[in-house]
Amino acid sequence: MTEPSSVPASRPAIQSMGVHVLANFFACPEPLLTQKERVAELLAEVVREAGLRPLKQEFHQFQPTGVTGFVLLAESHLSVHTWPEHRSMAVDIFCCFLGSDGRQQAMDKAERAFQALTERFAPREFSKQVVMR
């Protein structure tokens, strides 16, 4: 008896689907992390600056402070989760490969989004992991 494969036999020929940036921001200015309106405003700026195409967004305000939210993109998504009491934020950026030069475009857009996020949320420290999916 053979064991099942973690990759189905019917898997499409595509080898890579996109670039996924996972980051943690530390020592951010607390006022930037507390209110959903401000976080939504900053993410809208990031999306525009990175050349991404927003489809929908949703944000939730925690009490007393803290925000979780996402922007659904034509390219995939950008999400954030804030912990103002720790001056920290988790970031998730996923850009799919679209078209013949999609790999480089996706990588460029994800990096521009990451840079724009660091400029706006001003972490003194961060960790960053890039995963090709």
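This is a predicted model: local features need pLDDT of at least 70, side-chain atom pairs count only at pLDDT 80 or more; totals for chains, interfaces and linings use all residues.
Student: What makes up the chain?
Tutor: The chain has three helices and six strands. Along the sequence they follow the pattern β-α-α-β-β-β-β-α-β. The chain has 133 residues, and 41% of them count as buried.

Student: What is the order of the strands in the sheet?
Tutor: The order is β2-β3-β4-β5-β1-β6, in an open sheet of six strands with antiparallel pairing. Strands β2 (54-61) and β6 (125-132) are at the edges.

Student: Why are β2 and β6 called edge strands?
Tutor: Each of them pairs on one side only. Neighbouring strands of this sheet are turned by 10° against each other on average, direction ignored.

Student: How do you know that β3 and β4 pair?
Tutor: Pairing needs at least two bridges. Strand β3 (residues 67-73) and strand β4 (residues 76-83) have five bridges. One example is Gly-69, whose bridge partner in β4 is Val-80.

Student: What makes β4 and β5 a pair?
Tutor: Set the count against the cut-off again. Eight bridges join β4 to strand β5 (residues 88-96), and at least two are needed. Therefore they pair. They run antiparallel. Leu-78 has Ile-93 in β5 as its bridge partner. This hairpin has four residues between the strands, and Arg-87 takes a positive phi near 55°.

Student: Where do helices α2 and α3 lie?
Tutor: Helix α2 (residues 36-50) lies across β2, β3 and β4. Helix α2 runs at about 155° to β2. Helix α3 (residues 102-121) lies across β1 (18-26), β4, β5 and β6. Helix α3 runs at about 160° to β5.

Student: Why is Val-46 called buried?
Tutor: Buried means under 20% relative accessible area. Val-46 has 0%, so Val-46 is buried. Val-46 is found in helix α2.

Student: What does Val-46 touch?
Tutor: Leaving out residues up to four places away in sequence, Val-46 touches Leu-78, Ala-113, Ala-116, Leu-117 and Arg-120. The C-alpha atoms of Val-46 and Phe-114 are separated by 8.3 Å, and these two residues are 68 residues apart along the chain.

Student: Why is Leu-72 called partly exposed?
Tutor: Partly exposed lies between the two limits: under 20% is buried, over 50% is exposed. Leu-72 has a relative accessible area of 35%, so Leu-72 falls in between. Leu-72 lies in strand β3. Leu-72 stands opposite His-77 in β4.

Student: What makes Glu-49 and Arg-120 a salt bridge?
Tutor: Their closest N and O atoms are 2.7 Å apart. The limit is 4 Å, so this pair counts too. The pair links distant parts of the chain: Glu-49 is in helix α2, Arg-120 is in helix α3, and they are 71 residues apart. Glu-49 has 39% relative accessibility, so Glu-49 counts as partly exposed.

Student: What about Lys-109 and Glu-75?
Tutor: Their side chains meet in a salt bridge at 3.4 Å, N to O. Lys-109 lies in helix α3 and Glu-75 in the loop between β3 and β4, so the bridge ties together parts that are 34 residues apart in sequence. Lys-109 and Glu-75 are both buried.

Student: Which residues are joined into one network?
Tutor: Glu-45, Glu-49 and Arg-120 are, through salt bridges that share partners. The structure holds six salt bridges.

Methods: Residues are numbered from 1 along each chain as its sequence is written. Side-chain values use heavy atoms; hydrogens and water are left out. Helices (H or I, at least four residues) and strands (E, at least two) are DSSP runs, numbered from the N terminus. Buried means under 20% relative accessible area, exposed over 50%, partly exposed in between (1.4 Å probe, protein chains only). Axes are lines fitted to C-alpha atoms, for helices over the stretch in contact, and angles run from 0 to 180 degrees between N-to-C directions. Contact means heavy atoms within 4.5 Å.
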